Amino acid sequence: MRSMNEFGNDLYTGKTSFPFVARRRLWFIIAIVLVVGAALVPLFRPIQLSIEFTGGSQFTVEAPASTDQALATEAVRSVVPGATTKVTTVGGRDIRVQADQMTDADTRAVATALADAYEVEAEAVTTSFIGPSWGENVTRQSLWGLAIFLALTFLILAIYFRTWKMSAAAIIGLLDVLIITVGIYSLAGFEISPAAVIGFLTILAYSLYDTTVVFDKIRENTTEDGERSGRLFGDSVNLAVNQTLVRSINTSIVAALPVGAILFIGAIWLGAETLTDISLSIFVGIIVATYSTLFVAAPLYSLFREKEPEIMERDARVRAARERAAVGE
């Protein structure tokens with residue numbers, strides 16, 4: 001069995017090669033299925049937005065005598081019949097109740113009802129209120145942040161790589177990462193909160209970093225060696241992806257391990273739910289970002305360039321040279 005060093009060396013020299021470009025139609029079909037599937041998730045499992053986006057009233061019961069969540073729902077509805085509530089256990093010991101927006105009088109009455117239901121002093125129940133204008137502002141700022149990020153990414157990559165086609169492939173790869181990650185996030189039943197939005201922007205930055213490294217190698221292979229390599233344009237792109245494959249996998253593993261520890265040990269096992277939103281979005285995003293760079297962005301860039309007259313002429317000369325060499329043998 002080959003060692004990892006031998007495997008990496010074979011990938012770098014081309015002795016071993018995975019068909020990222022040659023089988024791009026298959027990868028694109030899989031990517032489209034994943035994106036469409038992620039986009040359809042909200043139809044049967046609506047995306048849950050946190051109270052920061054929707055607005056409402058929130059109550060926290062500290063150290064209750066019981067952690068029965070049904071008691072909270074009954075207490076709220078005893079004051080506001082038909083109220084929509086969401087009850088969660090925080091840190092394994094506190095009860096957090098989120099409900100529709102209430103008047104000051106109803107808020108005080110609900111706080112008293114919760115204190116009685118959970119057998120705690122009135123001071124053990126804290127309340128907070130988030131208005132609809134705050135939620136709208138958070139939503140608007142999040143969308144603006146995403147739009148500005150994508151616009152600056154397109155511009156900077158176009159300047160750095162001196163071609164808009166690399167920028168376009170990278171942006172499509174980023175959108176692929178975002179849609180699939182949000183779909184998985186929604187499918188898991190987690191709320192999208194400001195922390196989750198920060199996580200989404202973080203994994204987009206990570207995906208951009210990974211894509212830039214791969215694209216830099218692609219530029220080196222497709223411009224510096226020219227026809228001397230005897231490779232088609234698509235072959236040079238595929239070689240670049242294979243040459244950076246081990247690095248991409250190692251980087252993803254190293255990045256995913258601490259985030260996974262936070263998610264599974266801190267958030268799920270120890271109950272530190274405040275870490276769940278951002279850690280889940282980053283953990284899923286790291287995995288999806290690696291897939292998107294290798295199977296979507298790089299093959300897509302090759303597709304964008306292969307029909308250019310200059311590239312077609314160069315590939316024709318390479319094919320002709322290969323035919324002459326084959327005849328000579």
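How many nonpolar, polar and charged residues are in the lining of the second largest pocket? Here are some notes on that and on a few other features.

1. A word on the basis: this is a predicted model, in which local features need pLDDT of at least 70 and side-chain atom pairs count only at pLDDT 80 or more, while totals for chains, interfaces and linings use all residues. Residues are numbered from 1 along each chain as its sequence is written, and side-chain values use heavy atoms, with hydrogens and water left out.

2. To the opening question: the lining has eleven nonpolar, two polar and no charged residues. The pocket (an open set of 1 Å grid points where a 1.4 Å probe fits, with protein on both sides within 12 Å along at least five of seven lines) has a volume of about 290 Å³, taken as the space filled by probe spheres set on the points. It is lined by 13 residues (an atom within 4 Å of a point), and Ser-142, Leu-143, Ile-192, Val-197 and Phe-200 are the closest to its centre. Helices α6 (132-161), α7 (164-187) and α8 (194-224) each give two or more residues to this lining; helices are DSSP runs of H or I with at least four residues, and strands are runs of E with at least two.

3. Ser-142 deserves a look of its own. This serine sits in α6 and touches Phe-53 and Val-197, leaving aside residues up to four places away in sequence; contact means heavy atoms within 4.5 Å. Between Ser-142 and Ile-198 there are 56 residues in sequence, yet 8.8 Å in space from C-alpha to C-alpha.

4. Now the sheet: four strands, ordered β2-β3-β1-β4, form an open antiparallel arrangement, where pairing takes at least two DSSP bridges. β2 (85-90) and β4 (125-130) each have a single partner strand, so one side of each lacks a neighbour in the sheet. Six bridges join β2 to β3 (residues 94-99), and Thr-88 has Arg-96 as its bridge partner in β3.

How values were computed. Nonpolar A, V, L, I, M, F, W, Y, C, P; charged D, E, K, R; others polar.
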